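Colleague: Before I plan anything around this model, I want to know what stands behind the words used for it. Can you take me through them?

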Amino acid sequence: MDQTFGKRLREARRSKGYSQRELAGFVDVDYTYLSKLENDRADYPPKEDVLRALARHLELDAEELSYLAGRITAEDAKVVQDLAKTHQKQMPVLLRTIRDNPAIAQRILQEAQQEEHPEDL
């Protein structure tokens, strides 16, 4: 995965023909912060309302943008919390394994999708 939040943001802004100052004004942030976001150098990810405004003005998928920014939805956070409570010792190992080897996560997702939709095989 070579797409970062900053690259996605910059590509979308340029395709819309907005300057950084224009887009920053639309989403009510300082243009220097927007520049840092586009260069993946911001000290913190944008707040949820800023992400939604960016997605709306750039016609991007808000959820995808949120994940690229390093945020997860409240629903997903609840799932992770439930799993951590249920599998206290296994969760850290699983998460580190997925981080270090994303192919494992892809394989798990494919197997889960096959179980949900065996007719697609």
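**What stands behind the words**

Modeller: Start with the largest pocket: helix H6 (74-86) and H7 each supply at least two residues of its lining. This is a predicted model, where local features need pLDDT of at least 70, side-chain atom pairs count only at pLDDT 80 or more, and totals for chains, interfaces and linings use all residues. Residues are numbered from 1 along each chain as its sequence is written, and side-chain values use heavy atoms, with hydrogens and water left out.

Colleague: What makes a run of residues a helix here?

Modeller: Helices are DSSP runs of H or I with at least four residues, strands are runs of E with at least two, and both are numbered from the N terminus.

Colleague: What makes a space a pocket, and what makes a residue part of the lining?

Modeller: A 1 Å grid is laid over the protein atoms alone. A pocket is an open set of points with protein on both sides within 12 Å along at least five of seven lines; in a cavity, a 1.4 Å probe fits but cannot get out. Lining residues have an atom within 4 Å of a point. Tyr-67, Ile-72, Asp-76, Val-79, Val-80, Leu-83, His-87, Met-91, Leu-94, Leu-95, Ile-98 and Arg-99 line the largest pocket. H7 gives the most, with five residues.

Colleague: What volume does the largest pocket have?

Modeller: About 460 Å³. A volume is the space filled by probe spheres set on the grid points, which are joined across faces, edges and corners. The second largest pocket holds about 160 Å³.

Colleague: Which residues line the second largest pocket?

Modeller: Leu-94, Ile-98, Ala-105, Ile-108, Leu-109 and Ala-112. H7 and H8 are the elements that give two or more residues to this lining. The largest share, four residues, comes from H8.

Colleague: Now the packing. At what angle do H7 and H8 pack?

Modeller: H7 (residues 90-100) and H8 (residues 102-116) pack at about 110°, with their axes 5 Å apart. That makes H7 roughly perpendicular to H8. The range for that word is 65 to 115 degrees; under 35 is roughly parallel, over 145 roughly antiparallel, and the rest oblique. Axes are lines fitted to C-alpha atoms, for helices over the stretch in contact, and angles run from 0 to 180 degrees between N-to-C directions.

Colleague: Which residues make that contact?

Modeller: Thr-97, Ile-98, Arg-99 and Asp-100 of H7, with Pro-102, Ile-104 and Ala-105 of H8. Contact means heavy atoms within 4.5 Å.

Colleague: Why is H2 called roughly perpendicular to H3?

Modeller: H2 and H3 pack at about 110°, with their axes 8 Å apart. That angle makes H2 roughly perpendicular to H3. Gln-20, Arg-21, Leu-23 and Ala-24 of H2 meet Tyr-31, Leu-34, Ser-35 and Glu-38 of H3. By class, the contact has four nonpolar, two polar and two charged residues.

Colleague: Glu-38 again. Is Glu-38 buried or exposed?

Modeller: Buried, because its relative accessibility is 2%. Buried means under 20% relative accessible area, exposed means over 50%, and partly exposed is in between (1.4 Å probe, protein chains only). Glu-38 lies in helix H3 (residues 31-38). Not counting residues up to four places away in sequence, Glu-38 touches Gly-6, Lys-7, Leu-9, Arg-10, Arg-13 and Gln-20.

Colleague: And Arg-13, buried or exposed?

Modeller: Arg-13 has a relative accessible area of 7%, so Arg-13 is buried. Its place is in helix H1 (residues 5-16). Among the residues it touches are Tyr-18, Leu-23 and Glu-38.

Colleague: Which side of the cut-offs does Asp-28 fall on, buried or exposed?

Modeller: Exposed, because its relative accessible area is 70%. Asp-28 sits in the loop between helix H2 (20-27) and H3. Its phi is near 60°, a positive value in a residue other than glycine.

Colleague: What is the phi of Glu-59?

Modeller: About 55°, positive although Glu-59 is not a glycine. Glu-59 has a relative accessible area of 63%, so Glu-59 is exposed.

Definitions and conventions:
Nonpolar A, V, L, I, M, F, W, Y, C, P; charged D, E, K, R; others polar.
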